[in-house]
Amino acid sequence: MLDEALEHRVTGIVDHKDDVVVRSKNLRRGEILEVRVHPDDLGRVIGRSGRTASALRTVLGALGGGDNVRIDIVDTDRER
């Protein structure tokens, strides 16, 4: 549910809506939502000083019942 809500909000921010991909991963420390966007939209999703990313975490935390939501915005330009 949270991954769909995050995808909906990120899609509203970016220019390349078809390139938005949100995946949910279960790790030892808990669930993490991984966001991938077009490289041109990366700055829009992060925002100045990370304000947009922080706002997304706050909204999703409220939707998730007050739990801390871990969101990872992946830079697709870099190879891992």
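Is Asp-15 buried or exposed? Select Asp-15 to begin: the residue is exposed, with a relative accessible area of 53%, where exposed means over 50%, buried under 20% and partly exposed in between, computed with a 1.4 Å probe on protein chains only.

Before moving on, note that this is a predicted model, in which local features need pLDDT of at least 70 and side-chain atom pairs count only at pLDDT 80 or more, while totals for chains, interfaces and linings use all residues. Residues are numbered from 1 along each chain as its sequence is written, and side-chain values use heavy atoms, with hydrogens and water left out.

Because Asp-15 lies in the loop between helix 1 (2-13) and strand 1 (21-27) and Arg-44 in helix 2 (residues 42-46), the pair ties together parts that are 29 residues apart in sequence; helices (H or I, at least four residues) and strands (E, at least two) are DSSP runs, numbered from the N terminus. Arg-44 is partly exposed, at 42% relative accessibility.

Then move to Glu-34, which is buried at a relative accessible area of 6%, and show Arg-36, whose salt bridge with Glu-34 has its closest N and O atoms 3.3 Å apart. Arg-36 is partly exposed, at 27%.

Finally, select Arg-23, Lys-25, Glu-34 and Arg-36 together, which are linked in a network of salt bridges; the structure holds four salt bridges.

Terms used
A salt bridge is a side-chain nitrogen of Lys or Arg within 4 Å of a carboxyl oxygen of Asp or Glu.
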